[in-house]
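Subject: Structure handover

Hello,

Here is the structure we talked about passing on. Please open it next to this note.

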Amino acid sequence: MHLPFAFTLKLQQTPGYKTIIKWLTAQERKPFAFQQDAWQQIIEGNSGIVNAPTGYGKTYSVFLGAVVQFINTHPKDYKSKKKNGLQLLWVTPLRALAKDIARAMEEALDALEMNWQVGIRNGDTDVNERARQKRSMPEILVITPESLHLLLAQKDYPTVFTNLKIIAVDEWHELLGSKRGVQVELAVSRIIGLKRNRKSLDVNGELSASTNKDEHPISLWGISATIGNLDEAKEVLLSPLKLLGITNGTIVKAAIKKNIEIESVLPDEIEKFPWAGHLGLNLAEKVVDIVRANTTTLIFINTRGMSERWYQTLLTLAPDLAGAIALHHGSIEHQLRIWVEEALHTTKLKAVVCTASLDLGVDFRPVETVIQVGSPKGVARFLQRAGRSGHQPGKVSKIYFVPTHSLELVEAAALKQAMEENLIESRDPRLLCFDVLIQYLSTLAVGEGFMPEDISDEVKSTYCFADIQEEEWKQILHNIVSGGVALQQYDEYKKVEVDATGTYRIKNRRIAMRHRMHIGTIVSDPMLKVKFMTGGYIGVIEEWFISRLEPGAVFTLAGRNCELVMIKDLTVLVRKSNSKKSIVPSWQGGRMPLSSNLGMMLRRKFNEALLNVEDVEIRVLEPLFQLQEQLSHVPRENELLIEQIETKDGFHLFVYPFEGRLVHEAMAAVLAYRISRITPITFSLAMNDYGFELLSDQPIPVDDSNVYELFATEDLFADIQRSVNSTEMARRKFRDIAVIGGLIFQGYPGEQKKARHLQSSASLLFNVFSEYDPENLLVRQAFNEVMEQQMEEVRLRNMLERIQQSAIILTYPTKLTPFCFPIKVDSMRENMTSEKLEDRVRRMQAQLERS
């Protein structure tokens with residue numbers, strides 16, 4: 001979005017703009033048009049979202065806007081050493097990003113000879129630094145959502161925001177659609193609430209009206225990569241500005257196309273019966289060649305467990321690269337991760353094997369090339385990772401795609417097409433997250449306390465809680481004051497007290513301390529630190545994984561083989577091991593489902609499967625597609641393929657909607673339930689991102705006469721609830737909600753409760769609420785989250801509506817087909833070790849090839 005010429009001229013006449021241009025010119029640089037657009041909007045006091053490709057200076061578009069604004073209002077003394085109070089609050093989703101951002105800001109401020117301080121506030125900030133900030137707040141504070149809420153839990157926190165001019169929310173596309181995004185919405189609503197009616201708090205805490213009636217008290221800016229619902233993303237972030245009577249915002253969009261080069265790493269031989277996971281490692285030698293040919297390479301792996309395996313494999317194939325290749329993921333010890341990031345900046349490393357832990361970043365200039373191993377499962381994620389290379393204006397981003405099985409090459413072709421058409425996924429905002437609201441109100445009660453009528457308006461100004469009902473609001477207040485309907489007999493749930501003025505406060509110091517310790521919405525399985533017997537931490541491992549191992553077992557962490565000695569005081573003590581074999585840890589939530597956009601593009605690519613097409617990935621798969629067509633059928637975009645096959649294992653029904661694992665899991669359960677109403681029958685289920693399997697010991701009654709009825713949308717909600725144990729799923733989901741909502745205390749540092757104890761506490765509360773408080777908001781939220789996130793009910797309904805408009809093709813192959821083979825292998829994984837599985841698959845492939 002470009003501004004009228006008159007607006008741009010106005011910016012160019014300002015002292016702040018002239019100062020910035022002078023500095024940039026000295027460095028032989030000049031601002032992009034979108035950056036100047038953003039600066040103009042900021043000096044006008046407007047709010048909005050900046051959207052630009054990775055590596056084109058989105059950070060500078062807002063940060064330097066704040067600098068321009070300050071110099072304009074202090075043209076004579078902007079270099080003065082006097083303290084100015086907090087001017088720019090910079091919210092970032094990742095701790096690792098904070099250091100990069102602060103470094104980039106400090107370099108610019110030093111060059112401009114401004115004495116602004118840049119502070120960092122997150123879980124890694126030490127006590128002394130926090131105390132310094134409390135005495136004298138820096139002009140710029142880079143902060144995570146959790147630490148921002150901790151700031152709101154301090155006494156006198158309103159004085160922190162007295163001089164605040166701009167709130168910037170970095171990587172807003174990452175926060176949107178998560179409970180951390182809701183945390184940001186609520187914190188922003190509180191800060192804007194403090195500025196309401198053009199009033200501000202002076203240092204003594206007394207209210208004084210703003211002298212300039214035309215002055216906007218605060219600007220709010222989001223910084224976002226491209227997503228499918230950018231307008232909605234803006235609406236969600238800017239929603240609290242309604243408190244100031246501001247109902248419009250702008251999108252400053254860079255008219256720049258990032259050049260991205262995608263190259264697929266093709267296997268020498270295409271398996272006609274593919275299966276997931278093994279092919280990638282077989283292509284490791286080709287990955288080593290790419291690493292050797294480039295200065296610095298990021299190798300993205302989708303899961304922490306596989307990143308450990310890849311790191312070991314690369315070192316085995318290229319021992320001379322030891323010391324030049326590093327590993328980076330969220331479970332590696334913090335100091336090791338910092339070292340890797342620094343070594344990446346200074347080109348000491350040739351390659352880093354990483355997970356989503358390096359998806360985001362300010363400036364990894366040395367990175368020449370990115371390798372994506374396995375499908376990223378979404379267009380936006382692939383774009384983000386590709387942008388890590390050539391992370392400078394005008395540079396080409398080079399990314400290699402390494403398939404983990406043959407059919408993933410179709411995803412590579414689909415990703416190319418989707419990027420050409422700019423078909424980026426949307427991030428749906430979260431609604432009515434009552435657990436986050438309960439935590440937030442307790443946070444305010446720990447700090448200055450709150451008046452419900454004031455905070456109610458602020459909460460309703462957010463997008464998440466715009467539709468909260470008065471009865472729901474009252475129930476929330478009742479819960480935090482008296483424990484609600486079911487828990488009012490128990491003092492530990494009566495956290496908030498109402499004083500004589502009607503202010504809600506937490507006065508009990510123990511309750512306040514416990515609350516501060518657990519502010520946040522990221523609930524994971526308890527982590528245990530891993531430490532060598534000789535000293536030195538390596539990283540963290542999930543309790544559920546390590547509790548299954550016996551002393552003497554060898555596992556891999558941070559690229560090292562570790563022999564388990566004992567578990568003592570929540571620390572896993574290990575010694576170094578030279579064992580050739582080790583167990584690769586798995587972490588919960590490792591597998592990402594296929595996005596709806598990529599699924600749609602996949603279905604389109606199958607249209608071209610048997611045609612003479614330009615995509616090299618489709619061409620090399622021609623033998624596989626021909627065999628699939630010979631044995632069964634290759635579905636077109638407007639078709640749903642169903643295969644019925646009888647083997648010695650029983651009767652198989654394979655269905656291929658190409659909608660992602662979660663949708664297929666729900667659909668398999670619904671279809672099994674609907675078939676069981678026709679005839680009594682039991683099934684075992686298996687699924688992957690392309691389709692799912694129902695397996696029974698008797699013929700499955702699906703044919704032309706009933707197939708459309710079985711895929712109907714009628715009674716879908718009820719059938720989902722009947723087909724899966726939705727109560728049990730809600731019970732498990734309730735654990736996280738109860739932790740966030742403060743109903744369950746996770747324990748003090750060093751004595752955290754075990755996962756099973758948390759689950760049993762949550763189950764007990766779930767049962768109590770279900771019986772004595774059936775209208776409980778948190779129980780209702782648990783069921784809603786199951787339907788929306790685990791069962792993906794909306795996407796499932798959309799899929800069924802699409803199928804009703806499609807041709808359903810029923811085939812009866814005499815043996816397993818290339819499409820169904822990977823699903824069949826997935827169904828065998830849980831009962832076999834990886835070595836035994838590989839042997840079994842090889843025998844199955846050989847038998848199918850012979851027949």
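Below are the findings, from the whole chain down to single residues.

Ground rules

This is a predicted model, in which local features need pLDDT of at least 70, side-chain atom pairs count only at pLDDT 80 or more, and totals for chains, interfaces and linings use all residues. Residues are numbered from 1 along each chain as its sequence is written, and side-chain values use heavy atoms, with hydrogens and water left out.

Whole chain

The protein chain holds 34 helices and 27 strands. Helices (H or I, at least four residues) and strands (E, at least two) are DSSP runs, numbered from the N terminus. Of the 851 residues in the protein chain, 58% are buried. Buried means under 20% relative accessible area, exposed over 50%, and partly exposed in between (1.4 Å probe, protein chains only). Take the contacts between residues at least 6 apart in sequence: 75% of them join residues at least 24 apart. A contact means heavy atoms within 4.5 Å.

Confidence

pLDDT is the predictor's confidence in each residue, from 0 to 100. Its mean over the protein chain is 84, and 89% of the residues reach 70 or more.

Cores

A nonpolar core is a set of buried Ala, Val, Leu, Ile, Met, Phe, Trp, Tyr and Cys residues joined through side-chain atoms within 4.5 Å. The largest has 121 residues, and Leu 89, Phe 161, Phe 711 and Phe 734 touch the most other members. Another core lies apart from it, with 62 residues, including Leu 349, Val 379, Leu 594 and Ile 618. Back in the largest core, Phe 161 has contacts beyond four places in sequence that include Leu 86, Leu 89, Leu 148, Ile 191 and Lys 195.

Helix 3 (residues 33–43) is mostly covered, with nine of its 11 residues buried. Among them are Phe 34, Asp 37, Trp 39 and Ile 42. Gly 45 follows helix 3 and has a positive phi, near 85°.

Arg 103 sits in helix 5 (residues 95–111). Its relative accessible area is 27%, so Arg 103 is partly exposed. Beyond four places in sequence, Arg 103 contacts Glu 342 and His 345.

Hairpin and cysteines

Strand 20 (residues 554–557) has Val 554 and Thr 556 pointing one way and Phe 555 and Leu 557 the other, and all are buried. Strand 20 runs antiparallel to strand 21 (residues 560–568), and four bridges join them. Two strands pair if DSSP finds at least two bridges between them. The two form a hairpin with two residues between them, and Ala 558 in the turn has a positive phi of about 55°. Phe 555 has Cys 562 as its bridge partner in strand 21. Cys 562 counts as buried because its relative accessibility is 0%.

How many disulfides are there? The count is zero, where a disulfide is a pair of cysteine sulfur atoms within 2.5 Å. The closest cysteine sulfur to that of Cys 433 belongs to Cys 464, but at 4.3 Å it is too far for a bond. Cys 433 is buried, at 2% relative accessible area.

Gln 644

Gln 644 lies in strand 23 (residues 639–647). Its relative accessibility is 13%, so Gln 644 counts as buried. The Gln 644 side chain reaches the backbone oxygen of Val 702 at 2.7 Å. Residues that Gln 644 touches, beyond four places in sequence, include His 652, Ile 700, Val 702 and Tyr 812.

Positive phi in loops

Most residues other than glycine have a negative phi. Asp 156 has a positive one, near 60°. Asp 156 lies in the loop between helix 7 (145–152) and strand 5, and is partly exposed at 49%. Asn 422 also has a positive phi, about 55°. Asn 422 is in the loop between helix 16 (408–420) and helix 17 (434–446).

Best wishes

How values were computed
Polar contact = N/O pair within 3.5 Å; in protein donor to acceptor, adjacent residues only side chain to side chain.
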